[in-house]
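Please have the sequence and the model at hand.

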Amino acid sequence: MAAFLNVERSVTGRAWIGPDPAQDRLAEALAQEARLPLPVARVLASRGVVSEQVPGFLEPRLRDLLPDPLTLRDMAAAAARLVAAAIAGQRIAIFADYDVDGGASAALILGWLAAMGRDATLYVPDRIDEGYGPNAPAIAALAAGHDLIVCVDCGTLSHEALAAATGIADVIVLDHHQGGETLPPALAVVNPNRADEDGALGHLCAAGVVFLTLVQANRLLREQARPQPDLIGMLDLVALATVADVAPLVGVNRAFVRQGLAIMARRQRPGLVALADVARLDSAPSAFHLGFLLGPRINAGGRVGRADLGARCLSCSDPQQAAQLAAQLDELNRDRRAIEAGVRESALAQVQARGDSILAWAADDDWHPGVVGIVAARLKEATGLPAVVIGVAGGVGKGSARSVPGVDIGRAMARLAAEGLILKGGGHAMAAGLTVDPAMIPAAMARLADLLSAGMAGRQGAGRLRISGLLDPAAASVDLIEALDSAGPFGAAAPAPRFAFADQIIDQVQTMGDGHLRLRLRSPGAPALDAVGWGAMTGPLGPALMGARGRRFHLAGKLELSVWGGRQRLRLRLDDAAEA
């Protein structure tokens, strides 16, 4: 297939690939049959949506897509025990992971309990001192003072740690990470990725699993003629976790995010309001904002600060306290960015020196464990490959992995642990963690590349950029963005459409904030188009365009709306450029 607009090598080194001709014909037919704008029809055609499915796809409703919670194993026991503890006023502890999914999951249960007039102890382990997931000392201490421990976004592989509660307190695990052949000693392990599940709900994040558990808990309360907490108002947390944890936006996840964003726009949760304000969110929230503005700030507490700050902010009911917590997280996020920049530069240099083609990996001494995950994500974006970044300290390597759609990194990491190449490891399809003997890192990464090679066969990698179609600036409008939004939300497994704008003159260009770029584009007979390149100055795109005023370029990116001075403005979120 010929390169789109003849761009065989862009500023970022990629060839542009246009719509598949056969799929484009389907899109044209769908546009006529369903009376849709062609750009929207292209999105739907790429998702395999046919004409009769269009109404349901454009308006995903929770009532239509929510699965029966009881299809998950151990759900009945988990919900019944949670309800019994809440009604009896028993002492409940929540052991949560330190990322957005863990924090949102904890906030969901804390909010549900608060609506019933109950509280709970929140425990989030320190990333450096305790590492990921339950540990025996913490579980033993919680068991001594509580009747029920609920582990969220962790616990499926924590056999030894959860055994510390045996005979003292009941334990429920609400998780989504890949499970092993045996389950830990717990009253219930609700996890769509257990080895004995069919995987039909494997796309749920932990907050999605928690939400289903609360749906079943409300059923039990209704059967007992007791008041039930409002769950619809909690969908903002489920949406946040779903996007930030890079869960595929398919099935019920689309409804979670679509309805959750609408609830978030009402600005009723103090923690999210405060976070949006410190992030200077200038428009109604979108999936992009959840993943790139709010998520990193919530994660910052677990990466380089106090591990429980994110969960505390999300569950906070006092606006003043929420503002203080959000300010702390914003400051920590700035610290995290500074640390990340140095690690990212060194890690990318290692990958480029090796010329990795299946797995991009890097390891070094004293890399901060709080940034290895986000640097792995940056490596993945830069290379189009699954990526692993490992920091070595105290004779132990601890790392994080990020994958590309269709390549299950969590299962492969669990395989490495089973084979003894790493000390422990696991996760889910798109992200995983590992602990490894430094001497075994090269062998472990070689084996991991071997395990991933089949899934990576024939993939395009970072050498190509997929373009949804050509668009004239005159056709870029608020109405078009609103029409495209109806086909969203966009994110993992559901990428936003990327348009090319041909032969644009760079009219204005300047840096903005921390490594970003602001541009104004014009072409004869068309209105000017504003563009922003987030993080463009940290790669080749920004420097190449800084001195390009007056020159002609083809530009590629995604359309979005911003609000400034009370007015909506259209702009292009720039992904790439090539000289015309």
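N135 sits in the loop that links strand 3 (121–123) to helix 7 (136–145); helices (H or I, at least four residues) and strands (E, at least two) are DSSP runs, numbered from the N terminus. This is a predicted model, in which local features need pLDDT of at least 70 and side-chain atom pairs count only at pLDDT 80 or more, while totals for chains, interfaces and linings use all residues. Residues are numbered from 1 along each chain as its sequence is written, and side-chain values use heavy atoms, with hydrogens and water left out.

Is N135 buried or exposed? N135 is buried, at a relative accessible area of 15%; buried means under 20% relative accessible area, exposed over 50%, and partly exposed in between (1.4 Å probe, protein chains only). A polar atom of the N135 side chain lies 3.0 Å from the backbone nitrogen of A138. Setting aside neighbours within four places in sequence, N135 is in contact (heavy atoms within 4.5 Å) with F95, E130 and A161.

Five strands form an open sheet in the order 3-2-4-5-6, with parallel pairing; two strands pair if DSSP finds at least two bridges between them. Strand 3 and strand 6 (188–190) are at the edges with a single partner strand each, so one side of each has no neighbour in the sheet. On average, neighbouring strands of this sheet are turned by 15° against each other, direction ignored. Strand 5 (residues 170–174) and strand 6 run parallel and are joined by three bridges, and I172 stands opposite A188 in strand 6.

Two helices meet these strands. Helix 6 (residues 100–115) packs on the sheet, touching strand 2 (92–96), strand 3, strand 4 (148–152) and strand 5, and its direction makes about 165° with that of strand 2. Helix 9 (residues 206–223) lies across strand 4, strand 5 and strand 6, at about 120° to strand 5. Here axes are lines fitted to C-alpha atoms, for helices over the stretch in contact, and angles run from 0 to 180 degrees between N-to-C directions.

Finally, the cysteines. How many disulfides does a search of the whole structure find? The search finds zero, a disulfide being a pair of cysteine sulfur atoms within 2.5 Å. The closest cysteine sulfur to that of C151 is too far away for a bond.

Terms used:
A polar contact is a pair of N or O atoms within 3.5 Å; within protein, one must be able to donate a hydrogen and the other to accept it, and residues adjacent in sequence count only if both atoms are side-chain atoms.
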